[in-house]
Amino acid sequence: MERMANAELESEHSRRCRNSLEGTSGRLSHYSNSSPVDFEQQPTSFKSKTTGQHDIIIGKPDKSTVDLLEEVPLENQLYLEYRNVRAWVPAMAPGGGGILPGIPKFTLPSFKSNTTKQTEAPTEKDKMRQILFNITGCCRPKEVLALMGPSGSGKTTLLSIMGSRAQSAMRRTGAVTFNGQKLNKRFKRQLGFVMQDDLLYESLTVYETLYYAAMLRLPQHMDHNAKTDRVDTVIAALGLVSCKDTIIGGFFRKGISGGERKRASIGHELLINPSILLLDEPTSGLDSTTAMHLLQLLRQLSQGGRAIVTTIHQPSSRLYQQLDKLLLLSQGHALYYGRGDLADDFFDKLGYRLPYRVNVADFILDLASADVYTASRDGEASRSYLITCTEAYLEKYPNDGYDPSNPGTTNLSWLRPSVDGRGHHGENGGVEYLPPPPEASHQDEDVEDEDDKPGPRGADIEQGPTQTGMQAAAVPQSTQRRWGATYPSQIRILFIRSVRTRRFQTLSTQDLCQFLIVGVLSGLFWLQRAKSDTTAAAADTLGLLFFELLFLSFRQLFVALFTFPDEFKMLLKERASGMYRLSAFYFARTASDLPMDMAIPTLFLLLVYFMGHLRYTAAAFFANFFTVILVMLVAQSYGLLLGTIVMVPKTAQTLAAILMLTFILTGGYFVRGIPVWISWLKYLSFIFYGYGQLAHIEFKDRQLYSCTDPSAAAGAQASIDVDNPRTDPRCTPVSNTQSALGLQQGVNSQVWKIINPCVLILTLFVLRALVYIALRKKTSRV
């Protein structure tokens, strides 16, 4: 049966090849050009010669899963158009020569690091490399536009510019519009963007990932049951049912496979029923069958009124048939733009015929890679010739590209005079190290967020005749809700998600053992030491107070350095999708730290406090506990601030070590006789205020005794410890505890009793506010 089917297929292919040689409408490939793409394309099948019936069917769509989302209403459909898009990147990495990574040379860390807009023309020294050259085209609703090309051709760059996800160091010109308008936050919430690198929380399961996304992104008029039904539908459609309760996982923790991870990323965007869906290599890492099912799903989704743009790397022949339009890139130039099923016809008319039994996708990628030779041109000359022909054609038909409805498509000989007159394009293969024109700037000026401005801005380009009537039917912003969830709901959902994402990190066995071991050892070292009222025991008690303060503060500061650098990419992705307000994320993330960061440290404090026999009163215990927690939160705030400003953990660790050592040395325990001209630094140290407050709690209204050994040599001040200093003749009462212990604050001072907690609380709020401002600055482009 298999041999008969193969023979039938080969016979059919041979017939088409003969038709092509005879000048008929048949083609060398098995892609028919006689009619436009059929959106209800039937699956590939093979017919038996004996029975005349289809015995083998490949790629049959599953109707139970393709009917995934409701159709996009006409007033919400988006028409994507990009015109004359050009892009430059630095020829060398900017900011080289700095002392520390992430900090500009000879400057302190600033909030505008790596995000400052550069609008002036570059100097001769600041050369830029152009990576996109006048790319023009469009994607209408119900279309699947594929961006193809070899590695480094500019596919991801163009896709990121379309979705306003381009890097800040890139300079670009041109216009990208949606229904003739610049991209604003309302359009962003109708746009789904699947990145090439799957950014998902490793400790969440597949279901939890999609559930929290649905709760945050789906509109408020949907109830909870409808949102969970949408999650279940997406999971079933993408074939994730078997792994929905498995964590995403990562490098150090095993989770789902790479293909399942990619499908989970796509499902994250499909939840919102987007009007435009941009995908960066969604089929990478998938087997051919799974990739085919995914493209069939995208094709069905496009028929619901969605415009879908995707980059595809080396598709199979069946997968290539699912594409409506194709933009083939080669070193930043358009090598072909038009209907996907007519690509081989276009190159055939330019003298590059598809060889027998060669996949169309493989052939055009070979053309883009300069691997196709002719008798008169080598590979590079062929690519240069085809680029010039394509650009000449697209100058006349920029929107539709190569299409039979365009005049002059039957015979492309009219391109040859223009090509011969212009010469071959790009002697250096299209890679140029030239400065962009003075008007080159960030695309942000074309896609500026406008949620806070009254009404949408008009189009900055003239509406072409190929655009549909929907461009005047954009929904007024006042009729749409800005967020999928209310502000309190955002905080609640993000709080729960933050707790779940840290369940393996904070409540780990490693952390529990660390605190238990350190707590037990500390308790043994200072076992019942604070019970005695001698100055010798009090000096040891001060060491215990300083250690419990230092250990928790030092650890929490360095852990906090990694908080926002680790989540920054995820934050940018979700903020760009309009999932939540930045303030909601910040408050939820900050609130989730409190129970998580207080659980295990509380166990440590209990061990140290009672084993060391610190003051056994309820007031003293809770005062000690909340003071240590307050100082720990202040230290955490310093870590969050440094991590947010620098965003390079290694550099932040260096700065944090310098800062923390300065605060420790001026805290009043190690160095007591600081020179006057530098002693003001202690008032900047939160350790100074925390240590002073703990000493006040422990020694307030407490009578200490100075005990000396009478047998010691003359002039020697040998303090000793006795069991009952009140009755021991070798002990005398201490009249000034501050002087006897060398403290910088009076333990009975009511002024310091009020100043210490007030300064710590004020410092905490100021630092948290600065962290939010720094985070706002870092995400200002989103």
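Reader: Is Glu567 buried or exposed?

Author: Keep in mind that this is a predicted model. The relative accessible area of Glu567 comes out at 13%. The cut-off for buried is under 20%, so Glu567 counts as buried.

Reader: Which residue does Glu567 meet in a salt bridge?

Author: Look across to helix α18, since Glu567 itself lies in helix α17. The pair ties together parts that are 22 residues apart in sequence. The N to O distance is 3.2 Å, and a salt bridge needs a nitrogen within 4 Å of a carboxyl oxygen. The partner is Arg589.

Reader: And Arg589, is that one buried or exposed?

Author: Arg589 has a relative accessible area of 6%. With the cut-off for buried at under 20%, Arg589 is buried.

Reader: Which residues are joined into one network with Glu567 and Arg589?

Author: Here salt bridges share partners, and that is what links the group. Besides Glu567 and Arg589, the network takes in Arg502 and Asp593.

Reader: At what angle do α17 and α18 pack?

Author: Helix α17 covers residues 563-576 and helix α18 covers residues 582-611. Their axes sit 12 Å apart, and α17 passes α18 in a right-handed crossing. The angle is about 145 degrees.

Reader: How many nonpolar residues are in the contact of α17 with α18?

Author: From α17 you get Thr563, Phe564, Glu567, Leu571 and Arg575, and from α18 Leu582, Phe585, Tyr586 and Arg589. Sorted by class, one of these is polar and three are charged. The nonpolar count is five.

Reader: Let's move on to Arg299. Which residue forms a salt bridge with Arg299?

Author: Arg299 lies in helix α8 (residues 288-302), and its partner is in the loop between α9 and β11, so the pair ties together parts that are 25 residues apart in sequence. The closest N and O atoms are 3.3 Å apart, and the partner is Asp324.

Reader: Where are Lys349 and Asp345, which are four residues apart?

Author: These two side chains meet in a salt bridge, at 3.3 Å from N to O. Lys349 is partly exposed at 26% relative accessible area, whereas Asp345 is buried at 14%. Being four residues apart, they are separated by about one helical turn, and both lie in helix α10.

Reader: How many salt bridges does the count come to?

Author: The pairs above, Lys349 with Asp345 among them, each have a nitrogen and a carboxyl oxygen that meet the rule. Counted by that rule, the number of salt bridges is 19.

Technical notes. Residues are numbered from 1 along each chain as its sequence is written. This is a predicted model: local features need pLDDT of at least 70, side-chain atom pairs count only at pLDDT 80 or more; totals for chains, interfaces and linings use all residues. Side-chain values use heavy atoms; hydrogens and water are left out. Axes are lines fitted to C-alpha atoms, for helices over the stretch in contact, and angles run from 0 to 180 degrees between N-to-C directions. Helices (H or I, at least four residues) and strands (E, at least two) are DSSP runs, numbered from the N terminus. A crossing is left-handed if the near helix is turned anticlockwise from the far one by less than a right angle, and right-handed if clockwise. Contact means heavy atoms within 4.5 Å. Ala, Val, Leu, Ile, Met, Phe, Trp, Tyr, Cys and Pro count as nonpolar, Asp, Glu, Lys and Arg as charged, and the others, Gly among them, as polar. Buried means under 20% relative accessible area, exposed over 50%, partly exposed in between (1.4 Å probe, protein chains only).
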